[in-house]
Amino acid sequence: ALSLAISLVATMTHEPWIDEIYAWQISKFSVPDIFYEMRYEGHFALWSLLLYPFSHLGLPMKVLGGISWVINALALVYFVRKAPFGVWTKTLVLFTSAFLYLNPAVARCYVLIPAILFPMASLFSKISAFAYNPGDVGNAFVSAGILLALIANTHVYSEGFALIYGAVMLSSALRAWTRSPKADRIKCVVGLAIGIIGALVAVLQVAPSLTHSSVFTKNDLQFSLSNLKNLGGFFIGAGITDRRAMVLVAALYILTSIYLFKKDFQSLLILLVSNIYMALVCVFIYGAGVPNRAVMWFYFIIFSLWITHERLYGQVGVQQQVALHHDEGILIGKSRTHAIPSVVLALFSLFLLQPGKNVLDFKGLYSGESRFAYFIGKNIPDTERFFCNPNSWTCAIMEYLPGYKFYNVKDSKPLIPRADREGLDDEHSVQYLYDIFDNNLDKDFIYIIDSDIHNGKTNFIERNALPFHYEILYPQNEEQRDYFIQYFLIRVSRPTGGTE
């Protein structure tokens, strides 16, 4: 209860930032358009589809945090009730930054992963034991197939896990095929079919983004070598920045792998495939470093230790051991070693106990959208028009100023919150400004909204507005500068020589 209360406060004080807002804006599209947008967005449609009914009811963006918090809370309640770990271990997991802040407060698709992964862990012992002890577990296969389809549509980093989980399902079904009842065989086929269809839907959504998305197109050798050096983002993004802590976590991971190799090779295989695949995607396609993405290795650790404990010491696991060894004396449920998975998970959790991350939104705004919007709302009337650099960062401002009018600087049409397909054309950008003044003859000046990441410069104006007199209204001082995405409000005056 304390964990949920603290996470609720963090959620209520959190300022949604661009990636959260953009998914909310996409959810306002029609269902076909949501799927089509994924080729440019680079993520799966599942999260936007989940938000779809809320956005189409006209609810405000503030419900984003509530949705994410509820999903995280349900996942934790399931974890506390079903996970085989000790009370202290569960407590430590609940108070990690992943479940106290990142998942409930930062409303992104990553919150779905533990919520799906935990039930998959509960079902795993039945799925794997089916190969050695066929019985009435057909329903478990159907449930596992549904969860497999869902996990494959959460994030591209989870595809490796989905692949190896599906392989275990297939292997168990094939080995028990001739010894299982017909009804169970049918359910196995249904479960596997659901999982395969879900995986195919995921692939078809994201495959076009390899050539269409600005995130996935930098897959040259230099980009890959840079990300190879930045695999440490799985540490840094998770808040493990001290080199000594990194070494300790790496050592703990190696020792855990050795333990799994001796006790439960299948669990080790799942862990390694999941994390190696994630590392390969990080290097060649989509880098780590964003906290929600960086902590995904921790979820796979939880899963592997969960299924190891159940397979070795749980009721179904013991039955499997008996079937394998044909020896009733193999009942090892009371072995003193049963606490090892719980202790290992507790040690991993200690490295993610980061109270400072939970009060990030108390110390300062997450990325500056609301502060920028407040400045506009206070100083400029909603009768003015704003012409925007059509990237997803500037589109996010629309959610904070619903009564204002925003237009695309490229064609003066109403701004649509879609991923920018081409970006601004430098050769024609000056003409964009001339065209805006030609279409607004009653205006002696116009407002331009621009944004930039990391370097804090208004590229559009510095590159393209040299023939015009302009004034940067925001930011005016260091307090209005942001460490990640910087927003700019520029007032551009009509050229005195006309708009030829």
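Helix 2, helix 3 (31–41) and helix 4 (46–56) each supply two or more residues to the lining of the largest cavity. The model examined here is a predicted one. Helix 2 contributes the most to this lining, with 3 residues. The volume of the largest cavity is about 130 Å³. Its lining holds 13 residues, and those closest to the centre are Ala23, Glu41, His43, Trp47 and Cys109. By class, 7 residues of this lining are nonpolar, 3 are polar and 3 are charged.

The count of cavities of 30 Å³ or more comes to 2. The second largest cavity holds about 40 Å³ of space. Its lining consists of Glu384, Arg385, Phe387, Asn440, Lys443, Phe445, Ile446 and Tyr447. Strand 3 gives the most, with 3 residues. The lining of the second largest cavity has 4 nonpolar residues, 1 polar residue and 3 charged residues.

Pockets were examined as well. The second largest pocket has a volume of about 500 Å³. It is lined by 30 residues. Nearest its centre lie His14, Pro16, Met61, Lys62 and Tyr400. Several helices take part in the lining. Helix 1 (2–12), helix 2 (18–26), helix 5 (63–82) and helix 24 (392–400) each supply at least two residues. Helix 24 gives the most to the lining of this pocket, with 3 residues. The pocket lining divides into 16 nonpolar, 8 polar and 6 charged residues.

Helix packing was examined next. Two packed helices are described by the angle between their axes and the distance between the axes. Helix 8 (residues 112–129) and helix 18 (residues 296–313) have axes that come within 9 Å and cross at roughly 25°. Helix 8 is therefore roughly parallel to helix 18. The crossing of helix 8 with helix 18 is right-handed. On the side of helix 8, the contact is made by Ile113, Pro114, Leu117, Phe118, Met120, Ala121, Ser122, Phe124, Ser125 and Ser128. Helix 18 brings Met296, Tyr299, Phe300, Ile302, Phe303, Trp306, Ile307, Glu310 and Arg311 to the contact. This contact has 14 nonpolar, 3 polar and 2 charged residues.

Helix 8 also packs with helix 10 (residues 159–175). The angle is about 25°, and the axes are 10 Å apart. Helix 8 is therefore roughly parallel to helix 10. Here the crossing is left-handed. Helix 8 makes the contact through Leu117, Met120, Leu123, Phe124, Ile127 and Ser128. The partners on helix 10 are Phe161, Tyr165, Val168, Met169 and Ser172. By class, this contact has 9 nonpolar residues, 2 polar residues and no charged residues.

The two contacts share residues of helix 8. Leu117, Met120, Phe124 and Ser128 take part in the contact with helix 18 and in the contact with helix 10. Helix 8 is roughly parallel to helix 18 and to helix 10. The handedness is right for the crossing with helix 18 and left for the crossing with helix 10.

Terms used. Residues are numbered from 1 along each chain as its sequence is written. This is a predicted model: local features need pLDDT of at least 70, side-chain atom pairs count only at pLDDT 80 or more; totals for chains, interfaces and linings use all residues. Side-chain values use heavy atoms; hydrogens and water are left out. Axes are lines fitted to C-alpha atoms, for helices over the stretch in contact, and angles run from 0 to 180 degrees between N-to-C directions. Helices (H or I, at least four residues) and strands (E, at least two) are DSSP runs, numbered from the N terminus. Angles under 35 degrees count as roughly parallel, over 145 as roughly antiparallel, 65 to 115 as roughly perpendicular and the rest as oblique. A crossing is left-handed if the near helix is turned anticlockwise from the far one by less than a right angle, and right-handed if clockwise. Contact means heavy atoms within 4.5 Å. Ala, Val, Leu, Ile, Met, Phe, Trp, Tyr, Cys and Pro count as nonpolar, Asp, Glu, Lys and Arg as charged, and the others, Gly among them, as polar. On a 1 Å grid over the protein atoms alone, a cavity is a set of points where a 1.4 Å probe fits but cannot get out, and a pocket is an open set with protein on both sides within 12 Å along at least five of seven lines; lining residues have an atom within 4 Å of a point. Grid points are joined across faces, edges and corners, and a volume is the space filled by probe spheres set on the points.
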